[in-house]
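This report describes the cavities, the metal site and the disulfides of one protein model. The sequence and structure come first.

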Amino acid sequence: MRGNELRLVRLGATALVATSLAACGGDDVPQLAAAVGAVYSGDCASLQTALSGLANTQITAAESVAAGSLTVAGTPIAEHCRITGKMHERVSTVDGKTYAIGFELRLPKNWNGRFLHQGNGGIDGKVLTALGGLGGGPLTNALHQGFAVLSSDAGHSELDAGNNAKPDFGIDPQARLDYGYQAVAKLTPMAKNAIKATYGKAPDRSYFAGCSNGGRHAMVAASRYFADYDGILAGAPGYNLPKAAVANLAGARLYKTLATVPVTDQITLATAVTDTERKLLADAVVTKCDALDGASDGMVQDVAACQAQFSLANDVPTCSGGRDGTCLSSDQKTVLGMVFSGPKTSSGSLIYASFPYDAGFGAGKAGVASGGSPVGSGIAFWEYFASTNLDSGATGIIFQVPPVSPTGFDPLNFSLTTDLDALYANITTTNSIYTESAMSFMTPPNPTRMQGLRERGGKILAYHGVSDSIFSVNDTQAWYTGAVKDTGNDFARFYPVPGMGHCSGGPSTDQFDLLTPLVNWVEQGTTPQAVVASARGTGNAGGVNSDLPATWAADRTRPLCPFPKVARYTGSGSLEQASSFACQ
Ligand SMILES: [Ca+2]
């Protein structure tokens, strides 16, 4: 096993030469064989004993999950075995706390021969159910499709009173590294060996899928662990996550200058640009750009043309008197212009990325409660709550060298007062305790150079909501264009999702299955083309998306197009049907 890995790594290194040929269509990459399913015949409980020999692993339970105990979109998920456990349990010499990599592995009775490693969101810290969910309000998931699915906490599990992961693990250097990339390296062989022990063979094909931080994990796996994974599905991949977090703090600082009351929380900060004013801007973008794709349907498919056409200065009324929801003040326009073009350091360096003007900036509401806390939803959550409550702990405790103490940590105060230039610098620094910088442990090394994945026949699909306000579709687009140039045009595809926010929601068709086209590409050589996505209106089995305009049919469909193609109206047929549009 180890020998094979080393050989593949060496192939990856020599692939640089082949790439320039590939870009000209000069060579072929191998076609990987299709997975073949299997059935486990033993009883689930006996697996706990059977798996007891896994290295560095403690299996804590093995329980049979009857068909229908879990469902997706109302459909029963078939019988499977749920294995729970932990790896590499240890006591930190830095903070004295006990750490382990917690996980669950769900093994279908009728297995499709494939393994899917599910990357989770946020700062990890919880073993979310290993479903392998796909897109917003999914109608199916990997477990339902017969994959063996792994989920983990990425090496830390301390939760706050609200059951949210705490950033305090950032004090422990190894926990940082596990969160960034090393937990995946430890979990992968364990999962494959567990699968082998269960079904009598290791997975024929292996996949990595996730959105947000999970998309980051997927991108890191494509870069670091290409020998272990054949297909990568990277949703809203925060592959520059520490930069995005610092930029979001900078955004909060900008919004604070607009707040109409003293900023004491996310709700007072949201007076900067109210829900009504966000909607005003989004509607102005639609007014200007909707028809550029040939259909006046409330969707801005031609994102690039829209950026050239839309002018914040000219296309939104400027208030002549006070703010009343029908205009933006000139100060608001200045700040929003800076937010969309991307916050900068005091010396003018772009901290992270720019964001396109799109139809979804009005989605969500400030201050609406989730889990009892008035955190807001949609864009308001990311702009006002995440920037003052989540990105603060991430940048201050997990990404910074040295970290600040979690004891008495005040997220709001940290967000609004910390020296941003210093914070930005500190995501690339190290010291004798924290020997890897955040930008090293959180991001894929040389993200556009994925020769290792390509050379062995692996594929990567990325998707990203155009109205995502925490990770930018522009950053993912930059990765894609760079990867085509540096690695080749035959192993990666990128699907922007107009109107969609962060991983789901927004005025968009956010219900889609990109895993199936990925599998067909990896295992059949079928290059992905248009993928039909659905809106989630009233009655949708996967859950209703409350951001949809009332004028849309509840079951509106659209093709998602591989970049740089754009879904354009063919000139005939219903505006509610994907078949009336073509990727051009
Ligand atoms: Ca349109």
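Which element gives the largest share of the lining of the second largest cavity? Strand S8 does, with three residues. The model is a predicted one.

## Second largest cavity

The second largest cavity holds about 50 Å³ of space. Strand S8 (114-119) and helix H3 (173-199) are the elements that give two or more residues to its lining. Among the lining residues are His117, Gln118, Gly119, Asn120, Asp124 and Ser152. Others include Ala154, Val184, Leu187, Phe208 and His217. By class, the lining of the second largest cavity has six polar, four nonpolar and one charged residue.

## Largest cavity

Two cavities of 30 Å³ or more are present in the structure. The largest one contains about 200 Å³ of space. Its lining is made up of 21 residues, and those closest to the centre are Val339, Phe355, Glu383, Ser469 and Ile470.

Three helices each supply at least two residues of this lining: H5 (241-256), H10 (330-341) and H11 (378-399). Helix H5 gives the most, five residues. The lining of the largest cavity divides into 13 nonpolar, five polar and three charged residues.

## Calcium site

The calcium ion is coordinated at 2.2 to 2.6 Å. Its donors come from Asp290, Asp293, Ala295, Asp297 and Met299. Asp290 takes part through both O and OD, while Ala295 and Met299 each give O. Along the chain, the donors follow the spacing D-x2-D-x1-A-x1-D-x1-M. Asp290 and Asp293 are both buried.

## Disulfides

The structure has five disulfides. With bonded cysteines counted along the chain, their pattern is 1-2, 3-8, 4-5, 6-7, 9-10.

Cys44 and Cys81 are joined with an S to S distance of 1.8 Å. The torsion about their S-S bond is about 65°, so this disulfide is right-handed. Because Cys44 lies in helix H2 (residues 44-50) and Cys81 in strand S5 (residues 80-91), the pair ties together parts 37 residues apart in sequence. Cys44 is buried at a relative accessible area of 5%, and Cys81 is buried at 0%.

In the disulfide of Cys211 and Cys503, the sulfur atoms are 2.1 Å apart. This link is left-handed, with -105° about the S-S bond. Cys211 is in strand S10 (residues 205-211) and Cys503 in the loop between strand S13 (492-497) and helix H17 (515-524), so the pair connects parts 292 residues apart in sequence. Both cysteines, Cys211 and Cys503, are buried.

How values were computed
Residues are numbered from 1 along each chain as its sequence is written. This is a predicted model: local features need pLDDT of at least 70, side-chain atom pairs count only at pLDDT 80 or more; totals for chains, interfaces and linings use all residues. Side-chain values use heavy atoms; hydrogens and water are left out. On a 1 Å grid over the protein atoms alone, a cavity is a set of points where a 1.4 Å probe fits but cannot get out, and a pocket is an open set with protein on both sides within 12 Å along at least five of seven lines; lining residues have an atom within 4 Å of a point. Grid points are joined across faces, edges and corners, and a volume is the space filled by probe spheres set on the points. Helices (H or I, at least four residues) and strands (E, at least two) are DSSP runs, numbered from the N terminus. Ala, Val, Leu, Ile, Met, Phe, Trp, Tyr, Cys and Pro count as nonpolar, Asp, Glu, Lys and Arg as charged, and the others, Gly among them, as polar. Donors are N, O and S atoms within 2.8 Å of the metal (3.2 Å for Na, K and Ca); water is not among the atoms, so sites may look incomplete. Buried means under 20% relative accessible area, exposed over 50%, partly exposed in between (1.4 Å probe, protein chains only). A disulfide is a pair of cysteine sulfur atoms within 2.5 Å.
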